[in-house]
Amino acid sequence: MKRKPVRKLSHLDASGRPAMVDVSGKAVSVREAVAECRVKFPPVVATQLRASGLRSAKGGIVETAIIAGTMAVKRTHELIPFCHPLPIDGVRIGIDWHGERELRIECAVKTTHRTGVEMEALTGATVAALTVYDMCKALSHAIVLGPAKLLGKRGGRHDFGKAG
């Protein structure tokens with residue numbers, strides 16, 4: 001029986017100290033990742049948001065969340081210490097109802113580089129969700145975010161799930 005190799009944390013050096021991964025030896029390739037985050041509303045809030053067409057006193061909730069998520073994708077390296085600054089070739093954020101009380105936010109990110117965009121996709125989805133919360137918090141503080149999860153990635157050494 002063949003054993004799987006033991007994986008190690010990539011952001012630690014040989015001495016166990018935090019370190020940014022050196023990607024200079026990796027091949028440049030197209031890399032894509034898709035992540036999602038959910039926003040669950042109390043029933044009365046969901047009813048109110050559906051009736052308003054997802055508009056609040058602050059403006060269009062979906063439109064604002066898409067802009068915020070896109071901005072977050074482009075600035076992920078400023079938020080997560082060991083993320084590389086990447087040229088982002090594309091971002092697609094979709095926001096729609098999932099059931100009666102929950103919004104599903106999906107963020108797809110694409111680059112042509114030496115490292116993947118999983119963190120960018122997760123950051124875009126979660127910041128979009130945080131923006132929805134911010135725009136709706138006047139209605140309730142019982143809004144719940146999550147789960148946030150990676151749905152898939154393509155390019156690089158290990159493909160995972162559905163992306164691309």
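By the rule that a disulfide is a pair of cysteine sulfur atoms within 2.5 Å, the count in this predicted model comes to zero disulfides. Cys37 takes part in none, and its nearest cysteine sulfur, that of Cys107, is 11 Å away.

Residues are numbered from 1 along each chain as its sequence is written, and side-chain values use heavy atoms, with hydrogens and water left out. As the model is predicted, local features need pLDDT of at least 70 and side-chain atom pairs count only at pLDDT 80 or more, while totals for chains, interfaces and linings use all residues.

Turning to the chain as a whole, there are four helices and seven strands. These elements are DSSP runs numbered from the N terminus, with helices being H or I of at least four residues and strands being E of at least two. Along the sequence they follow the pattern β-α-β-β-α-α-β-β-α-β-β. The C-alpha atoms fill a box of roughly 55 × 40 × 30 Å, taken along the principal axes. Of the 164 residues in the chain, 36% are buried. Contact means heavy atoms within 4.5 Å; among contacts between residues at least 6 apart in sequence, 70% join residues at least 24 apart.

The sheet comes next. Strands of a sheet pair through backbone hydrogen bonds, either parallel or antiparallel. In this model, five strands form an open sheet in the order β4-β5-β1-β6-β7, and the pairing is antiparallel. Because β4 (88-97) and β7 (160-161) stand at the edges with a single partner strand each, one side of each is left without a neighbour in the sheet. Two strands are taken to pair if DSSP finds at least two bridges between them. Strand β1 (residues 29-40) is joined by 12 bridges to strand β5 (residues 102-113), and the two run antiparallel. Within this pairing, Arg31 stands opposite Thr111 in β5, and the bridge partner of Cys37 in β5 is Ile105. Eight bridges join β1 to strand β6 (residues 144-154), again in an antiparallel arrangement, with Glu32 finding its bridge partner in Arg154 of β6.

How do the helices pack? Two packed helices are described by the angle between their axes and the distance between the axes. The axes of helix α2 (residues 61-74) and helix α4 (residues 118-136) come within 7 Å and cross at roughly 145 degrees. Such axes are lines fitted to C-alpha atoms, for helices over the stretch in contact, and the angles run from 0 to 180 degrees between N-to-C directions. In this contact, residues of α2 including Thr64, Ala65, Ala68 and Ala72 meet residues of α4, among them Thr123, Val127, Thr131 and Met135. The residues involved divide into 10 nonpolar, five polar and one charged, where Ala, Val, Leu, Ile, Met, Phe, Trp, Tyr, Cys and Pro count as nonpolar, Asp, Glu, Lys and Arg as charged, and the others, Gly among them, as polar. Thr131 lies in helix α4 and counts as buried at 13% relative accessibility. Leaving aside residues up to four places away in sequence, Thr131 touches Thr64, Ala65 and Ala68.

Gln48 has its place in helix α1 (residues 43-51) and, at 44% relative accessibility, counts as partly exposed. Gln48 and Leu139 are 91 residues apart in sequence, yet their C-alpha atoms are 9.0 Å apart in space. Leu54 is found in the loop between α1 and β2 (55-56). The phi of Leu54 is near 60 degrees, a positive value in a residue other than glycine, and at 11% relative accessibility Leu54 counts as buried.

Note on methods. Buried < 20%, exposed > 50% of the residue type's maximum accessible area, 1.4 Å probe, protein only.
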